[in-house]
Amino acid sequence: MTKIVVVTSGKGGVGKTTTSAALATGLALRGFKTTVIDFDVGLRNLDLIMGCERRVVYDLVNVISGDANIKQALIKDKKVDNLFILPASQTRDKDALTTEGVEGVLNALRDDMKMDYIICDSPAGIEKGALMAAYFADEAVVVTNPEVSSVRDSDRIIGILASKTRHAEQGEGDIPARLLLTRYSPERVESGQMLSVEDVQEILAIELLGVIPESQAVLNASNSGSPVILDIDSDAGQAYSDAVARFLGDQLPHRFVNVNKKGLFGRLFGG
Amino acid sequence: MSIFSYLLPKKQSSASVAKERLQIIVARERSTRGGPDYLPQLQQELLMVVRKYVPVGEDAVNVQVDRESGCEILELNITLPEEEAQQHY
């Protein structure tokens with residue numbers, strides 16, 4: 001059965017696209033046929049993060065409007081088997097995203113392309129693109145930074161997920177939504193400058209999927225157009241791998257949430 | 001953290017301030033969530049009507065919509081001040 005997953009956050013710049021790319025790549029690495037769709041019509045960026053920006057011919061809006069079929073528009077990833085990218089269009093016409101149109105694309109990915117997972121990379125905000133990315137979802141990943149505006153917006157999005165998805169409208173209850181806390185810095189948490197995982201979880205009251213540490217590897221990955229999960233030596237890459245395993249039901253302890261303990265010397269004289 | 005910071009008085013960390021502020025605003029926003037768009041205005045107008053007769057604070061009127069098995073319930077809560085305060089008015 002095909003699962004549709006929305007990666008959302010409300011606030012921009014918290015790591016939705018980075019997470020979508022990592023999650024989709026992680027699922028494909030485990031053998032699941034996966035498509036990641038960029039819903040940010042007008043501000044396409046997933047193609048850059050996935051490193052396929054020069055291979056874009058058709059996009060999501062082309063498929064919806066019938067200018068291309070799904071097979072023509074899907075970009076097959078060069079590094080990872082089973083992984084496909086459906087880019088957003090660069091035109092500013094957001095009205096192109098209709099409920100029927102998006103449903104048609106998702107149906108084609110499910111029935112014709114036999115996808116196991118469809119990852120919908122939501123745009124920021126709570127406008128049409130974000131609502132469309134979430135509407136057909138079976139599950140949600142809420143990406144949040146440990147920072148007041150991001151947490152507040154995430155709470156807003158969790159409320160929208162509870163009422164504005166197809167499952168909710170059909171009276172099938174809330175879709176499962178899980179928290180992915182990104183750009184986490186255990187050092188700053190310990191010194192009381194940053195909200196802790198426990199703080200954010202207490203406020204948002206949803207299950208924790210993972211904690212991704214603030215890491216140079218994320219910028220390196222986007223610089224080179226290779227999802228950070230492929231950087232298996234990096235902390236962020238490993239944290240995303242763990243999150244994918246948890247996403248699939250594994251029980252793993254959370255890494256990278258505590259400060260590496262310094263010795264007595266370091267504590268007395270360290271910065 | 002150096003040895004000297006242990007000697008200084010502790011002040012509240014910015015993270016705990018953030019947490020407190022978030023808890024308050026999130027609780028407030030959740031109470032109006034899912035309700036119709038006219039709720040805030042309804043609340044304001046009700047407050048004005050109540051104030052014509054009783055001096056009440058900004059938070060005195062509380063409007064909430066609950067859903068129960070297909071029917072919506074609009075719940076109004078008006079908190080009146082203590083007797084003494086009313087007599088002065």
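1. Which span should the 16 residues of helix α7 of chain A have, and how far apart are its end C-alpha atoms? At 1.5 Å a residue, helix α7 (residues 148–163) should span 22 Å, and its end C-alpha atoms are 23 Å apart, which agrees. The expected span is 1.5 Å times one less than the number of residues. Helices (H or I, at least four residues) and strands (E, at least two) are DSSP runs, numbered from the N terminus.

2. On conventions: this is a predicted model, in which local features need pLDDT of at least 70 and side-chain atom pairs count only at pLDDT 80 or more, while totals for chains, interfaces and linings use all residues. Residues are numbered from 1 along each chain as its sequence is written, chains are lettered from A and ligands numbered from 1 in the order in which they are written, and side-chain values use heavy atoms, with hydrogens and water left out.

3. The buried residues of α7(A) are Ser150(A), Val151(A), Ser154(A), Asp155(A), Ile157(A), Ile158(A), Gly159(A), Ile160(A) and Leu161(A). Buried means under 20% relative accessible area, exposed over 50%, and partly exposed in between (1.4 Å probe, protein chains only). An α-helix has 3.6 residues a turn, so residues three or four places apart point the same way.

4. The largest pocket holds about 920 Å³ of space. Of its 33 lining residues, Arg28(B), Glu29(B), Ser31(B), Thr32(B) and Arg33(B) are the closest to the centre. Two or more lining residues come from each of α7 of chain A and, in chain B, α1 (14–32), α2 (39–53) and β1 (61–68). With 7 residues, α7(A) gives the most to this lining. On a 1 Å grid over the protein atoms alone, a pocket is an open set of points where a 1.4 Å probe fits, with protein on both sides within 12 Å along at least five of seven lines; lining residues have an atom within 4 Å of a point. Grid points are joined across faces, edges and corners, and the volume is the space filled by probe spheres set on the points.

5. The lining of the largest pocket divides into 14 nonpolar, 9 polar and 10 charged residues. Ala, Val, Leu, Ile, Met, Phe, Trp, Tyr, Cys and Pro count as nonpolar, Asp, Glu, Lys and Arg as charged, and the others, Gly among them, as polar.

6. Chain B has 3 helices and 2 strands, in the order α-α-β-β-α from the N terminus on. Of its 89 residues, 17% count as buried. The accessible surface of chain B comes to about 7300 Å², 55% of it belonging to carbon and sulfur atoms (Shrake-Rupley method, 1.4 Å probe).

7. Glu139(A) is placed in strand β6 (residues 139–144) of chain A and is buried, with a relative accessible area of 7%. Not counting residues up to four places away in sequence, Glu139(A) touches Lys3(A), Ile4(A), Val5(A), Val6(A), Ile175(A), Pro176(A), Arg178(A) and Phe247(A). Contact means heavy atoms within 4.5 Å.

8. Ala96(A), in the loop between β4 (83–86) and α5 (99–111) of chain A, is buried at a relative accessible area of 16%. Ala96(A) touches Val61(A) and Ile64(A), not counting residues up to four places away in sequence.

9. Phe256(A), in the loop between α12 (235–247) and α13 (264–269) of chain A, has a positive phi near 60°.
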